[in-house]
Amino acid sequence: MTTLLEVSGVSVTFDGFRAINNLSIQVAEPELRAVIGPNGAGKTTFMDIVTGKTRPDEGRVIWGEKNVSLLGMTESQIARAGIGRKFQKPTVFEAQTVRENLAMALKNKRGPFDVLFYRRSSRGAARIAELAEEIGLLNDLPRRAGELSHGQKQWLEIGMLLAQDPRLLLVDEPAAGMTPAEREHTTDILKRAAETRAVVVIEHDMEFIRRLGCKVTVLHEGSVLAEGSLDHVTQNQQVIDVYLGR
Amino acid sequence: MSKPEIAPRKRFLAENPSVLWFLGCLALFTLGVTVLSEGFGLAILSTSMVKILGMTLCLCLIAVAMDVVWGYCGILSLGHFAFFGLGGYAVGMWLMYARTEGIVISSLSGAPIPPTQGEIENAIATQIFGVVGSNELPWLWGFAHSLTLQLMMVVLVPGLLALVFGWLAFRSRVTGVYLSILTQAMTLALSLYLFQNDTGLRGNNGLSGLQNIPGLDHLPQSTLSLWFFWASALALGLGYLLFAWLVSGKFGSVIRAIRDNEARVRFLGYDVESYKLVIFTLTAVVSAIAGALYYPQAGIINPAEIAPIASIYLAVWVAIGGRGRLYGAVIGAAVVSLASSWFTGGGALNINLGIYTINWTDWWLVLLGLGFVAVTLFFPRGIGGLFDMIVRKP
Amino acid sequence: MRSFLLLARLVVTVLAIGLLSLLRPSEGLAQEGLQPLLQEYQAEIAKPSRSTVESVLDALMAADRPGTAEFLLRWQDRGVYERPDDGLFFYAEEGGDALRLIDIDSGAAVAEVSSREVNQIRPNSGVRGVIAAALVPFELNAPEPARRAVALDAIARSGEASQIDPLSRSIETETDPVLKERKERLLTLLTAQFASALPYRLAAIEGLSGDTSIEARGVLNQLTTRSPGVGTALPEGANMARVLEVGTDISEVEAYDRLVAANLAPPRQSATDRRDVLAQHIVDGAVGGVPLHLLNTDAARTRAYEALEAEGAVPPRAAEDEVARAVAAHAFYEVYTEPNAEVTTAAEDALATTSRALGLYQTLDLVLDGLSLASIFFLAAIGLAITFGVMGVINMAHGEFIMMGAYTGYVVQLFIPDYTVSLIVALPLAFVVTFGAGVAMERLVIRHLYTRPLETLLATFGISIALQQLAKNIFGTQARPLTAPDWLSGALTLNDIVSISNIRVAIFVLALIFLTLLLFILKRTRLGLEVRAVTQNPGMAASMGIDPDRINMLTFGLGSGIAGIAGVAIGLYAQVTSEMGANYIVQSFMTVVVGGVGNVWGTLAGASMIGFLQKGIEWFNPSNTLAAQTYMVLFVILFIQFRPKGIVALKGRAAGD
């Protein structure tokens with residue numbers, strides 16, 4: 001287990017409001033990690049910083065074996081470096097088919113001319129079929145993504161995330177709007193993915209996290225309140241205070 | 001390994017029957033116009049009508065380019081007519097220079113002593129720039145003597161402008177309405193620049209006499225108009241094919257994704273800015289080629305052609321025709337521009353209301369404006385949307 | 001001498017025009033007419049000479065009878081006639097072949113005679129000069145201030161040395177402070193130009209330094225007038241301004257041209273001349289042995305010409321080295337026309353000080369210009385800032401609302417002829433008209449497009465072309481006048497450089513009023529609160545009982561209404577045409593975007609920046625406003641690259657998107 005992502009001493013201020021306050025988190029490869037915390041604790045902002053959407057006021061974000069700083073990179077460069085993200089609200093390209101959505105996410109060269117002269121290959125088609133089967137959308141490949149149900153869109157986005165084949169998966173509330181059976185399936189997928197790579201999951205649902213059975217980081221007011229197994233952190237008095245809203 | 005390489009090409013036309021349909025219609029139309037034209041002999045269509053149709057084909061080409069940049073990539077550029085105009089200027093410079101050169105040489109040939117190169121150049125400069133009170137050839141005209149170089153300029157100048165402008169604009173992530181206003185500002189700056197007398201392009205006089213092709217003086221306009229008509233049809237066909245191929249594959253998938261949610265595309269690892277830049281520049285170059293074919297048929301180009309309003313009209317055509325489908329843009333450009341010349345040319349009968357007579361030369365723009373509002377409000381898919389109804393009903 | 005006389009005549013003629021009307025009313029008060037006095041000096045007046053005229057003038061001045069000035073004017077203008085029968089003097093008018101004699105005192109026509117029956121009195125030029133000089137001091141001490149002012153104007157227009165004494169004497173008795181100040185100024189100017197005593201003159205010149213009035217600068221410029229000169233050596237004793245170095249101060253070509261102009265060197269042969277000469281020497285299809293068809297290069301022509309030179313058939317031409325030699329052999333310089341070096345040095349120093357002051361005032365003037373342009377942009381853009389910034393709606397028809405406002409003003413003037421009243425009516429009416437148009441547009445079109453901003457842009461553009469064409473159909477294509485009332489048509493003038501027209505001041509004031517009004521509405525009123533609430537979260541606002549539809553409608557109406565008032569203001573100084581709105585729309589958008597969207601202060605900042613920038617660029621190249629606009633737009637494009645959110649960016653936005 002080596003450290004893949006190191007966030008240290010990061011702070012962000014929005015309009016005088018400190019969303020992230022001297023946050024430090026390390027994620028190893030492979031690892032499955034859950035991040036929990038009350039609303040406004042800075043969970044999503046943490047993902048925004050790692051993926052380059054938000055620039056922190058101070059602090060370092062170091063990536064990979066070569067210790068590259070992610071702060072100077074654009075969103076797309078970070079994505080190409082191997083960080084994939086699933087958004088809280090499913091964002092798929094609704095005007096395009098499920099197949100097109102997956103094909104776009106498929107790990108390939110991303111330059112405009114590479115894409116322009118890209119030729120569909122049987123290997124790519126096979127990979128898409130494999131992913132579609134995994135997310136239960138094999139029969140929906142020619143359908144427009146906009147026609148899918150909320151849960152199916154969640155699946156599609158997870159499928160796109162897997163198609164990217166990233167080293168680090170940042171997953172924001174993957175189980176929202178899913179049936180218990182689908183949740184279980186999601187847990188399986190995430191657990192399997194975490195066997196070879198780093199996966200960070202934000203969730204509110206304690207049941208879901210318990211099933212993941214991984215290390216948990218509790219965020220509060222923009223910094224880490226507690227870290228450890230779920231049982232360990234739920235016995236922490238501070239965490240109990242925060243969650244009970246004292 | 002070779003099999004999947006061949007397969008997609010087969011699939012392209014098979015998957016896009018509309019392209020075949022379009023090319024077929026275009027070929028039939030070209031054939032029809034040729035047979036009916038004055039140059040061919042039947043003379044049912046006058047030479048000026050052939051020119052109008054040829055020019056309309058050029059407008060269809062730029063409309064297709066506009067559709068790609070706006071309908072597919074989501075960049076509402078209010079500046080593509082600037083590139084169209086630049087293409088026209090680039091080719092117009094050669095046409096005007098070469099033609100003036102011919103006139104000057106023939107007028108000097110009567111002199112007892114043959115003219116020197118310097119004398120010829122001076123005479124040309126005086127002839128061209130006398131109207132703006134200058135008798136020197138500006139540096140801009142350094143390549144004007146050579147058709148090859150000037151044709152390169154048709155592609156290079158608008159291409160470079162689009163590249164630099166696009167790089168600046170996309171890099172700082174100017175999007176949406178702001179980008180539209182920025183492109184409009186670019187067009188305004190360019191037309192203001194060209195309106196000046198001392199910038200080397202004859203100010204508001206523009207370039208004229210472009211319908212006379214140097215070296216082809218012996219051919220009648222009826223023949224030349226047909227040649228340009230064919231060239232325009234060919235350009236439209238090739239341009240349509242290029243863009244249809246561009247938007248059909250994975251590239252098309254990516255740019256449509258950029259249109260719908262560019263932030264999400266970034267998180268997939270695509271460098272959104274370079275895609276936009278490629279599209280912006282490529283469409284600018286195609287627009288310039290369309291302009292280079294248009295103005296020799298129009299005969300005159302002046303800075304008013306580049307004014308911001310022209311680019312907005314372009315957006316109007318594409319919107320009326322139907323965005324996000326290439327044939328929609330062609331239909332929009334053809335219908336609106338032909339209707340425009342029919343109404344303003346006195347083709348439509350005036351309507352006498354007893355107390356007031358509706359004169360269409362005056363009221364056409366009112367009709368167009370209100371019609372356009374109606375299309376935006378009630379038929380956002382434009383005329384092309386009607387095809388969906390027909391095709392998808394069964 | 002000749003020009004001097006002409007000037008003098010001019011002075012007098014001008015004086016006459018001013019005086020004739022003034023003199024008439026005092027006639028009734030005269031105890032005694034002028035004619036009897038004239039008869040006392042009958043001989044001297046009828047046959048004036050330099051030796052006698054002075055005494056006559058002194059006597060006439062001393063008596064100061066009404067009409068004296070007019071008589072003097074006519075006298076020197078050869079407008080006085082003597083009737084030999086009785087020796088009486090008359091003025092005369094030509095009427096056909098005959099002359100109509102007019103009595104000097106009553107001004108009534110008394111007789112018609114042929115020109116043979118009377119003698120025209122023709123003073124020679126010397127006498128006329130003396131009369132003219134006498135007239136000025138005469139008027140300078142006139143009892144009526146208006147007459148004195150006219151005399152001062154005459155001196156200001158064409159001063160001369162002889163006026164110094166009477167002017168300085170008249171200062172002591174001057175009672176009117178304004179005229180006194182003016183007299184002192186004129187005295188300084190005259191002294192600087194003409195005083196014979198050098199110290200006085202130098203002091204006067206120094207007194208002019210820093211004076212930016214056109215007259216003062218005119219005097220100094222005249223004193224430092226230079227004339228170009230060329231010669232084999234520098235002239236002795238001349239007041240040298242500078243020696244020109246060939247190559248740095250003056251190009252060799254120019255220098256040679258000067259030599260040619262001064263007949264010190266033969267003219268250079270132009271290419272055309274040479275061609276013509278060659279053409280005259282064509283022999284058997286060749287010139288100087290060079291075949292004709294080869295003569296299409298300069299080198300071949302030179303060879304042919306040299307061959308002809310060798311034959312002696314043509315005159316030798318000036319070769320390049322001859323030109324250089326001739327230029328080297330001569331000195332090129334500039335001399336002052338004023339011979340006294342001390343005077344020119346003092347004048348140059350004074351001029352330097354003046355030009356510094358001038359720079360200062362020009363900057364001030366530029367600032368005022370920029371301010372008024374900024375006010376116009378602000379007025380044009382502020383309505384847009386409300387609809388675009390607050391509601392996120394792109395209204396391409398905003399320019400047409402400006403036009404609508406201007407046409408409203410024009411129509412009101414058709415019905416109300418009094419410009420002030422019509423303006424007072426037009427301003428609120430324009431607001432009402434465009435408010436109505438804005439609300440109608442919002443209800444009918446924009447309401448349906450709130451989620452599609454780019455389509456709003458296009459739909460409003462459709463409305464814009466329809467409205468523009470509609471205006472053309474109703475009002476025609478030619479410009480319509482919107483006349484400002486008299487009290488707005490003047491200008492505020494600080495000095496000869498700094499002035500600003502009242503309309504622009506009014507527009508500035510109007511812009512200020514709108515700024516305060518809008519800030520007040522948005523920050524202090526219920527409407528403003530609701531507008532801000534709807535802007536931030538329409539759903540939440542609706543759940544709190546605010547009707548977003550109503551707010552959107554009102555906001556849009558307000559923005560459009562302001563455009564209407566701006567239209568009246570802009571129409572007052574620009575022309576009212578159907579395209580006037582289109583001329584402002586792009587600039588207005590740039591103002592809003594540069595300033596920062598959604599903020600009144602931002603619009604103000606944007607308008608100021610664009611206004612000042614445009615004036616600043618125009619200052620570098622005043623002849624070319626198109627170029628200024630081009631560079632301004634380019635600057636805006638670049639500016640947006642570096643500050644995409646404008647000068648006043650809304651805070652917290654970074655978090656929002």
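**Helices, strands and chain contacts in a predicted model**

Helix H2(B), which covers residues 17–36 of chain B, comprises 20 residues and reaches 29 Å from its first C-alpha to its last, close to the 28 Å expected at 1.5 Å a residue, the expected span being 1.5 Å times one less than the number of residues. The model is a predicted one, in which local features need pLDDT of at least 70 and side-chain atom pairs count only at pLDDT 80 or more, while totals for chains, interfaces and linings use all residues. Residues are numbered from 1 along each chain as its sequence is written, and chains are lettered from A and ligands numbered from 1 in the order in which they are written. Helices (H or I, at least four residues) and strands (E, at least two) are DSSP runs, numbered from the N terminus.

The buried residues of H2(B) are Val19(B), Phe22(B), Thr30(B) and Val33(B), where a residue is buried if 20 or more other C-beta atoms, placed from the backbone, lie within 10 Å of its own, exposed if 12 or fewer, and partly exposed in between. Seen down the axis of H2(B), these buried residues fall within an arc of 70°, so they line one face of the helix; the arc is that of the directions from the helix axis to the C-beta atoms. The face of H2(B) turned away from the buried side carries exposed residues, including Trp21(B), Leu28(B) and Val35(B).

Confidence is expressed as pLDDT, the predictor's confidence in each residue, from 0 to 100. Chain B has a mean pLDDT of 87, with 96% of its residues at 70 or more. Within chain B, confidence is lowest in helix H1(B) (residues 2–15), at a mean of 52, and highest in helix H10(B) (residues 272–298), at 95. Over residues 1–9 of chain B the pLDDT is below 50, and this stretch has seven contacts in the model beyond near neighbours in sequence, two residues being in contact if their C-beta atoms, placed from the backbone, lie within 7 Å.

The contact between chains C and B takes 43 residues from chain C and 42 residues from chain B. On the side of chain C that touches chain B, helices H13(C) (271–280), H19(C) (453–475), H25(C) (580–595) and H27(C) (625–642) each supply at least two residues, and the largest share, 14 residues, comes from H19(C). By class, this side of chain C has 29 nonpolar, 11 polar and three charged residues; Ala, Val, Leu, Ile, Met, Phe, Trp, Tyr, Cys and Pro count as nonpolar, Asp, Glu, Lys and Arg as charged, and the others, Gly among them, as polar.

In chain C, strand S6(C) (residues 226–231) and strand S10(C) (residues 331–336) pair in the antiparallel sense over six bridges, pairing requiring that DSSP finds at least two bridges between the strands. The bridge partner of Pro228(C) in S10(C) is Glu334(C). Strand S7(C) (residues 240–244) and S10(C) also pair in the antiparallel sense, over four bridges, and Met240(C) stands opposite Val335(C) in S10(C).

In helix H12(C) (residues 252–261), Ala255(C), Tyr256(C) and Leu259(C) are buried. Seen down the axis of H12(C), these buried residues fall within an arc of 95°, so they line one face of the helix, whereas Val253(C) and Ala261(C), on the other side of H12(C), are exposed. Just after H12(C), Asn263(C) takes a positive phi of about 60°.
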